[in-house]
Amino acid sequence: MVRHRNLRRYLVGFDTSTLPQIFTDCLVIGGGVAGLRVALEVAEAGPDVRVTLATKTELLESNSYYAQGGIAAVTDPVEDSPEKHRADTLATACGLADEAIVEMVVGEGPDRIRDLIDWGTPFDRDGDALSLTREGGHSARRILHASGDSTGREISQTMAAQARVQSRIVLRERTYTIDLLTGDTGEVLGALLWTAATGLTVCWARFTVLASGGAGRLYRESTNPETATGDGMAIAYRAGAELEDLEFVQFHPTTLYIAGASRALISETVRGEGGRLLDRNGTRFMPEYHADAELAPRDVVSRAIVRQMAKTDSTNVYLDLRHLKAEHLYARFPFIRTICRDFDIDIARDLIPVRPAAHYTIGGVRVDGDGRTSLPRLYACGEVSCTRLHGANRLGSNSLLEGLVFGYRAGRRIVEQLAVGNGTSRPPRLQFTVAHSDRTVLDVDDVQNSLRAIMWRNVGIERDARHLAETEEIIEFWQSYVLDKEFADPRGWQLQNMLTLARLVARSANQRQESRGTHFRTDFPERDDAHWQHHIVRSVASASA
Ligand SMILES: Cc1cc2nc3c(=O)[nH]c(=O)nc-3n(C[C@H](O)[C@H](O)[C@H](O)COP(=O)(O)OP(=O)(O)OC[C@H]3O[C@@H](n4cnc5c(N)ncnc54)[C@H](O)[C@@H]3O)c2cc1C
């Protein structure tokens with residue numbers, strides 16, 4: 001357990017009796033695939049049900065929207081099978097996945113794809129059949145994609161359109177969730193919301209679902225959009241929920257590396273279609289590191305790139321597609337082609353400079369197979385949660401699937417609970433005051449940039465005890481000047497959340513004295529099943545001030 005000296009129960013002071021109030025059956029925090037899937041399911045509960053869905057910025061600004069490569073599911077019963085998908089997921093997870101969860105997600109995947117098709121998702125096709133591709137770690141072609149490499153955009157737009165016409169769902173965009181509201185016994189009663197136009201609002205909810213996505217922006221090099229600051233995990237932590245496996249952060253091997261530009265993902269499917277990795281001398285290096293070469297698991301490829309960059313004293317390596325047919329590349333990767341073209345790179349004729357970046361948060365709020373957290377009336381699904389599907393490493397294209405399957409299951413469970421009248425307690429009056437602090441005010445952007453830089457250097461692809469311990473110390477120092485303040489807008493709250501979560505990630509990484517999946521310790525390079533088979537679970541109900 002990590003004790004934060006300055007961590008208080010709520011980030012801001014409030015008195016619910018003086019604030020505007022909203023009442024809803026189900027509050028969904030987040031509008032990516034997971035949040036939209038829950039909302040659409042709960043909306044089926046009956047004509048009187050009310051679902052409120054809040055998003056930090058616009059509805060379509062999420063990791064889901066930017067997903068490129070596709071979504072994994074067994075839709076070809078001849079060449080593929082649920083057993084193969086299950087075995088691939090387990091092999092990538094390095095011994096930490098929950099086999100029953102893997103079986104459930106793989107088994108229910110095709111039904112969730114069917115929902116998407118019924119709602120109108122335009123998956124790419126070869127004639128009448130769904131077009132399937134392969135990615136690293138998958139033993140069969142089972143990745144569905146849409147508009148080539150814009151799968152997330154197509155799925156998000158389709159689901160958002162469904163939500164917009166569903167009158168039982170009230171969409172509240174640009175509505176920041178500051179904290180969950182909890183009652184005397186720790187049950188979640190809703191959340192404290194904020195908009196620039198109206199300030200604080202209390203949302204009382206019979207059930208609350210965290211679907212607020214991951215924390216890729218904790219790192220300087222990241223494929224994630226600015227929204228992915230891990231708010232939901234920090235919010236859940238302050239409320240006393242259990243978090244799990246935070247040390248497992250997946251780094252994507254190939255993001256476009258142009259100094260000064262933001263990091264755009266170059267999807268794994270590019271390597272799946274035959275792309276090769278070359279170092280600055282033009283040498284193809286992946287066969288030296290793994291038998292599957294460019295199609296080795298992501299952690300292996302990321303580490304190999306970092307080592308090859310060090311060996312050749314270079315800031316990046318290159319993706320080489322020049323041996324593949326130009327027409328095929330342009331048709332298959334229109335989005336990547338456009339991004340590269342902006343920098344005068346023709347993906348069929350030029351080498352593409354790439355390097356790894358933080359991509360996916362494997363750990364998160366601990367949930368069961370129906371998305372239930374350790375707190376009554378609180379559910380979580382999607383990247384904010386830890387379902388134990390991915391174990392210590394995520395198989396590519398399994399996360400959109402996870403969000404859909406758990407979103408559906410949490411939604412079904414909430415529908416059942418609503419039907420039997422659960423979650424209808426009368427809201428109490430809640431009050432909280434933040435003591436004034438005279439300590440120096442630090443610049444929010446400066447601290448955020450420094451935090452992201454140190455996370456990248458010390459809690460990144462390769463880690464060791466000394467640097468992890470130093471990182472914790474430094475973050476604790478920043479915390480003492482940032483967590484004592486009361487901020488009035490999301491920039492400050494996000495920084496408070498990032499500092500809270502980053503310290504937990506550094507501490508978790510230091511505690512796990514072995515290497516497994518995405519977590520690589522140079523001082524403990526071997527996997528240690530005898531001591532580290534089990535997950536580390538943290539609960540901080542004691543964080544209450
Ligand atoms: C570039 C990129 C490519 C990817 N490609 C693939 C792929 O091909 N296949 C695959 O399976 N996975 C892929 N992934 C991963 C996958 O996209 C995500 O894991 C998944 O979409 C997460 O969905 P989600 O619904 O949990 O969260 P998100 O889609 O990230 O949605 C989070 C939502 O929470 C809201 N939110 C956050 N904090 C707050 C707050 N404080 N208050 C209110 N709202 C809040 C946000 O506004 C947003 O609406 C990719 C990720 C990236 C970044």
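Guide: In this predicted model, the lining of the second largest pocket is made up of seven charged, six polar and five nonpolar residues. The space inside this pocket comes to about 380 Å³. Its lining counts 18 residues, and those closest to the centre are Lys56, Glu226, Pro490, Arg491 and Gln494. Two elements, helix H13 (444-458) and helix H15 (490-511), each contribute two or more residues to that lining. The second largest pocket lies between domain 1 (16-65 + 149-248 + 362-419) and domain 3 (440-527), because both of these domains give residues to its lining.

The shell around the ligand divides into 21 polar, eleven nonpolar and five charged residues. These 37 residues surround the ligand, and the closest are Gly31, Ser64, Gly70, Glu383 and Ser399. A backbone N or O atom of Gly69 is 2.9 Å from an oxygen atom of the ligand, while a polar backbone atom of Gly70 lies 2.7 Å from a nitrogen atom of the ligand. From the side chain of Asp231, a polar atom lies 2.9 Å from a ligand nitrogen atom. The ligand exposes 1,000 Å² when taken alone, and the protein buries 97% of that area. Helix H1 (33-42), helix H2 (63-66), strand E10 (176-182), strand E17 (352-361) and helix H12 (398-419) are the elements that give two or more residues to the shell around the ligand.

Conventions:
Residues are numbered from 1 along each chain as its sequence is written. This is a predicted model: local features need pLDDT of at least 70, side-chain atom pairs count only at pLDDT 80 or more; totals for chains, interfaces and linings use all residues. Side-chain values use heavy atoms; hydrogens and water are left out. On a 1 Å grid over the protein atoms alone, a cavity is a set of points where a 1.4 Å probe fits but cannot get out, and a pocket is an open set with protein on both sides within 12 Å along at least five of seven lines; lining residues have an atom within 4 Å of a point. Grid points are joined across faces, edges and corners, and a volume is the space filled by probe spheres set on the points. Helices (H or I, at least four residues) and strands (E, at least two) are DSSP runs, numbered from the N terminus. Ala, Val, Leu, Ile, Met, Phe, Trp, Tyr, Cys and Pro count as nonpolar, Asp, Glu, Lys and Arg as charged, and the others, Gly among them, as polar. Domain bounds come from an automatic or database domain assignment. A residue is near a molecule or strand if one of its heavy atoms lies within 4 Å of it. A polar contact is a pair of N or O atoms within 3.5 Å; within protein, one must be able to donate a hydrogen and the other to accept it, and residues adjacent in sequence count only if both atoms are side-chain atoms. Accessible areas come from the Shrake-Rupley method with a 1.4 Å probe; for residues, only the protein chains shown count as cover.
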